[in-house]
Amino acid sequence: MAQVSRFCPPRKSCHDWIGPPDKHSNLQPVHFYIPENESSLEQKLRELRQETQERNQQFWANQNLTFLKEKEEFIDSRLKAKGLELRAESGQKATLNAEEMADFYKEFLSKNFRKHMYCNRDWYKRNLAITFFMGKVALERIWKKLRLKQKKTSN
Amino acid sequence: MNIIAKRSASWVRGCVWYLERRALQESPRRFLHLLRNVNQQWVTFQHFNFLRHMYVTRLNRSFNQQIKPKPEPVPSPFLEKASLDEAKTEIYKMRPLSPPSLSLSRKPNEKESLELEPTPVIEGSIAVGTETKEEKQWKEMKLRVDDLPGILARLSKIKLTALVVSTTSAGFALAPAPFDWPCFLLTFVGTGLASCAANSINQFFEVPFDSNMNRTKSRPLVRGQISPLLAVSFAACCAVPGVALLTWGVNPLTGALGLFNIFLYTCCYTPLKRISIANTWVGAVVGAIPPLMGWTAATGSLDAGAFLLGGILYSWQFPHFNALSWGLREDYSRGGYCMMSVTHPDLCRRVALRHCLALVAMSAAAPALDVTTWTFPVIALPINLYISYLGFRFYRDADRKSSRKLFFCSLWHLPLFLLLMLTCKRPAAQGDAGGPQS
């Protein structure tokens with residue numbers, strides 16, 4: 001369910017930009033800034049972040065949509081079993097209260113447990129890798145600046 | 001809730017005043033007409049919306065404004081968003097940025113992706129109609145120094161940290177040792193730093209999950225207000241001095257407990273939340289350790305009194321958290337959190353009630369262990385009976401109303417309980433007969 005963002009940041013900006021929460025995944029997409037003199041390490045970091053963002057987006061959008069769909073089906077089946085109308089006279093959709101929904105919540109959680117386990121492991125690995133690379137990139141930039149300063153003072 | 005309403009009202013009035021002033025500079029006639037019709041006491045939502053619309057579509061300004069949505073007001077970190085039944089008016093905080101130079105000497109960047117849309121209004125050069133609402137919501141991920149304190153406060157869950165530090169202080173004060181101010185301050189600061197570190201790492205681990213829960217979607221890492229690297233660095237900068245302060249400034253036992261607690265919270269509780277319901281018990285231990293730390297800071301050792309205090313905090317966590325989690329079942333289920341309220345609802349309520357009763361029992365044990373006098377269980381009985389009663393109602397009724405009542409009761413029960421303990425603290429004996437053990 002990856003949605004291509006139509007946002008373009010102002011040309012002058014040299015930072016990443018973060019957008020509003022996606023309506024399906026609730027994740028806030030990041031538009032990554034690509035500097036002119038991007039090093040290979042910086043490129044690796046950016047691509048890792050991009051890939052992680054896409055995977056997260058896909059997972060959570062799918063997860064949330066499935067939840068909504070299955071919730072609707074559950075409500076419909078329960079209401080039918082009760083012999084109630086799906087819509088009240090006013091035209092509003094009939095719902096079940098939290099206690100009636102409890103069975104659905106339990107079932108949904110256990111059904112998706114394996115998926116979450118996999119996603120968790122993946123996320124933890126990626127998050128740590130991204131942070132580690134961010135640290136490396138930061139050190140690389142500091143080193144570059146120091147070398148530049150050294151060159152300037154020696155000239 | 002009244003405090004929130006008042007604060008929100010004063011924010012709205014402040015923003016409206018600012019907007020009106022700016023708007024007046026622009027088109028006095030239109031706004032004077034509007035002002036004449038507005039009740040000066042309470043600004044209607046429509047009025048505010050109109051002014052905001054006027055403000056945002058203004059183009060010929062030479063300096064840009066950034067609209068940052070104000071984080072939703074929450075009185076306590078534990079309060080779920082869903083439980084706030086009042087209609088929320090959107091309040092936007094406006095901050096002027098320094099005027100950027102609008103020179104056209106931009107270097108074209110070949111690597112940049114093709115522009116599918118004209119550049120957003122932030123550059124101040126495009127006609128109104130082409131910019132969409134969505135584009136306006138994009139924010140530059142640039143850390144501003146004046147935002148940093150607020151961001152770090154939210155990252156470190158400062159309110160929860162304050163609660164943790166107060167339980168540590170209670171442990172320190174209740175310990176049978178003369179109150180030593182320097183030691184107390186070192187413990188206070190060290191525990192606070194350790195708590196900030198633990199909370200930051202917790203948020204660092206949970207970004208995509210936090211985004212999907214109403215209660216946590218405004219956190220700094222979720223919103224991109226701070227980078228993960230900075231969050232981890234901040235956590236390290238808190239953990240290292242915090243634990244060092246406790247180890248060398250207070251005593252090694254307290255330092256070890258602090259370090260252990262950070263580990264327990266970040267590496268056990270946080271991942272366990274998504275694996276098994278056992279996380280609640282681990283989390284209760286995490287909550288029980290701070291008063292233990294306060295006690296060991298004062299006395300230098302762990303004794304029965306320390307464990308009693310730890311036990312009290314441990315038991316308190318259950319009615320508090322189980323009641324809170326009752327209203328968050330949908331979010332937990334969708335987000336993949338393994339909580340008793342979802343998987344084992346009967347157990348959830350049974351455990352909450354069980355631990356309410358345990359609190360009563362522990363109040364009675366307090367004088368037996370020489371922590372307090374016998375007055376304490378007597379004067380604490382009313383509040384203990386009340387929370388047990390609410391625990392029973394929650395157990396029997398199993399509905400949102402009873403869960404909320406129990407949760408809110410737990411919020412005032414704990415501070416009052418600790419205060420009563422303090423007032424009934426067993427005084428240090430003059431002789432050695434029946435004196436508190438050191």
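The structure, a predicted model, holds two cavities of 30 Å³ or more. The largest nonpolar core has 77 residues, and a second, separate core has 25.

Largest cavity
- The space in the largest cavity comes to about 490 Å³.
- Its lining is made up of 24 residues, and those nearest the centre are Val30(A), Gln53(A), Trp123(A), Val207(B) and Leu221(B).
- By class, the lining residues are 15 nonpolar, eight polar and one charged.
- At least two lining residues each come from helix H1 (40-82) and helix H3 (113-154) of chain A, and from helix H8 (207-211) and H9 of chain B.

Nonpolar cores
- In the largest core, the residues touching the most other members are Met101(A), Phe104(A), Leu155(B), Leu221(B), Tyr332(B) and Leu406(B).
- H7(B) gives this core its largest share, nine residues.
- Members of the second core include Ala366(B), Phe376(B), Ala380(B) and Leu418(B).

Helix H5 of chain B
- Ile151(B), Leu152(B) and Leu155(B) are the buried residues of H5(B), which spans residues 148-155.
- These buried residues line one face of the helix, because they fall within an arc of 95° seen down the axis of H5(B).
- Their cover includes helix H7 (181-205), helix H9 (220-223) and helix H10 (228-250) of chain B.
- Leaving aside residues up to four places away in sequence, Leu155(B) touches Asn199(B), Ser200(B), Gln203(B), Pro220(B), Leu221(B), Ile226(B), Ala231(B) and Phe234(B).
- Lys157(B), which follows H5(B), has a positive phi, near 45°.

Methods:
Residues are numbered from 1 along each chain as its sequence is written. Chains are lettered from A and ligands numbered from 1 in the order in which they are written. This is a predicted model: local features need pLDDT of at least 70, side-chain atom pairs count only at pLDDT 80 or more; totals for chains, interfaces and linings use all residues. Side-chain values use heavy atoms; hydrogens and water are left out. Buried means under 20% relative accessible area, exposed over 50%, partly exposed in between (1.4 Å probe, protein chains only). Helices (H or I, at least four residues) and strands (E, at least two) are DSSP runs, numbered from the N terminus. The arc is that of the directions from the helix axis to the C-beta atoms. Contact means heavy atoms within 4.5 Å. A nonpolar core is a set of buried Ala, Val, Leu, Ile, Met, Phe, Trp, Tyr and Cys residues joined through side-chain atoms within 4.5 Å. On a 1 Å grid over the protein atoms alone, a cavity is a set of points where a 1.4 Å probe fits but cannot get out, and a pocket is an open set with protein on both sides within 12 Å along at least five of seven lines; lining residues have an atom within 4 Å of a point. Grid points are joined across faces, edges and corners, and a volume is the space filled by probe spheres set on the points. Ala, Val, Leu, Ile, Met, Phe, Trp, Tyr, Cys and Pro count as nonpolar, Asp, Glu, Lys and Arg as charged, and the others, Gly among them, as polar.
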